[in-house]
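Dear colleague,

I am passing a structure on to you, together with some notes on what turned up in it. Please open it first and keep it beside you while you read.

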Number of protein chains: 2
Amino acid sequence: MHVQTLEFWFEFASSYSYLSVMRIEALAREAGVTLQWRPFLLGPVFLSLGWNDSPFNIYPPKGRYMWRDLARLAARYGLPLQVPSRFPRNGLLAARVALTGVEEGWIGEFSRAVMTANFAEDREISDPAVIRSILEGLRLDADAILERAHSPEIKETLRRQTERAGEIGLFGAPSFITPDGELFWGNDRLEDALAWVVARPA
Amino acid sequence: MHVQTLEFWFEFASSYSYLSVMRIEALAREAGVTLQWRPFLLGPVFLSLGWNDSPFNIYPPKGRYMWRDLARLAARYGLPLQVPSRFPRNGLLAARVALTGVEEGWIGEFSRAVMTANFAEDREISDPAVIRSILEGLRLDADAILERAHSPEIKETLRRQTERAGEIGLFGAPSFITPDGELFWGNDRLEDALAWVVARPA
């Protein structure tokens, strides 16, 4: 049996990414699909589309709808939600730290904790003290991880990953890419993306 | 037992409206929900958001994704799809004609025929001859209907309906509004909107 994989592109500032980050690991396990976590920054992608802020802020009717839709979906999934007092928050530090957790295998747990801080506890995820407390809560070596998160290698990895997002046509988050190149956009499509992978063994 | 209703706001030019127009009548019947058909024009709504064209044309990555997503969804629903050689087409005449069919009860059938012409047969739905042939195919009195469609009353009804769309915060189509004022946006949310209505008897 071949191992099926799915690329999961997400941004810690993104409201719909919150829903997918919280749900994806259990769903992927159930489907027998291995995840490739791809944190990236939406800011540069949005800039290339002419947006210097979240479209949910630029277009107020879209923003009002998004928060209501998010509340309905969070209730359905049984996820807590507190509309952040600041949106979008800067996800740069969280993304760099997350990347250091890919090889060590704690990126899922860390990402859920950061998303919970941002969207359920209204905490400032761009504050290094908040990220540190999250790492310590997971019993990880916060000093070593934060140092590594600021290394040129990790900075470069995130920069390249964000560039790559634009190159492969991403325009929002969460996005899912299958091994045969299908793009699925939005938390709505998480189940579809997993089903696509399962139906087409590589 | 009270009759449950759902407002269905759609635009004949809109690709995701195609999917919902084709599906909604059967799903609403099954759910015991009465539909209030609300054809409107997206153009003025988009203009108020600063878009002078479909966002799928303004933002090419979104457009490329939309056509692929639409193809996957059409295949799932068993609906034919031929990417229109012109997008978006002008849905003004079709919307006016559709409004004359609300009271007479043929708006659903007519809307499906127009959407099929636009998205499955690549026909020019802004051409009066195409609309006439659709009416004739439904064994309707095309002359009388087209005359009524050009009456000041129908023109004013569509104008007011489009204004209302902006006032109630619509920013795209299809959109669904429940009797208790919940807005659901997108073909993805059709089933959710019906379930919302059924779960909350007025």
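**Aromatic rings in chain A**

In chain A, ring pairs join Phe8(A), Phe10(A), Phe12(A), Trp37(A), Trp106(A), Phe110(A) and Phe176(A) into a cluster. Please bear in mind that this is a predicted model, and that the count of aromatic pairs over all chains comes to 34. One of these is the pair of Phe184(A) and Trp196(A), which is edge-to-face, with 5.7 Å from centre to centre and 65 degrees between the planes. Phe184(A) belongs to strand E4 (residues 183-185) of chain A and Trp196(A) to helix H10 (residues 190-199) of chain A, so that the pair links distant parts of the chain, 12 residues apart. Both Phe184(A) and Trp196(A) are buried.

Charged side chains also meet rings here: Arg200(A) lies over the face of Trp196(A), 3.5 Å from the ring centre, while the charged end of Arg23(A) sits over the ring of Tyr77(A), at 4.1 Å from its centre.

**The sheet of chain B**

Turning to chain B, you will find four strands that form an open sheet in the order E2-E1-E3-E4, with mixed pairing. Strand E2 (33-39) and strand E4 (183-185) of chain B are the edge strands, each of which pairs on one side only, and the twist from one strand to the next averages 25 degrees. Strand E3 (residues 175-177) of chain B and E4(B) run antiparallel and are joined by three bridges, with Phe176(B) standing opposite Phe184(B) in E4(B). Helix H9 (residues 152-167) of chain B packs on the sheet, where it touches strand E1 (4-10) and E2 of chain B, and the direction of the helix makes about 105 degrees with that of E2(B).

Technical notes: Residues numbered from 1 in each chain as written. Chains lettered and ligands numbered in written order. Predicted model: local features only at pLDDT ≥ 70, side-chain atom pairs only at ≥ 80, totals over all residues. Heavy atoms only, no water. Phe/Tyr/Trp six-rings, centres within 6.5 Å; stacked < 30°, edge-to-face > 60°. Helix = DSSP H or I, 4+ residues; strand = E, 2+ residues; numbered from the N terminus. Buried < 20%, exposed > 50% of the residue type's maximum accessible area, 1.4 Å probe, protein only. Lys NZ or Arg CZ within 6 Å of the ring centre and 35° of its normal. Pairing = 2+ DSSP bridges. Axes fitted to C-alpha atoms, helices over the stretch in contact; angles between N-to-C directions. Contact = heavy atoms within 4.5 Å.
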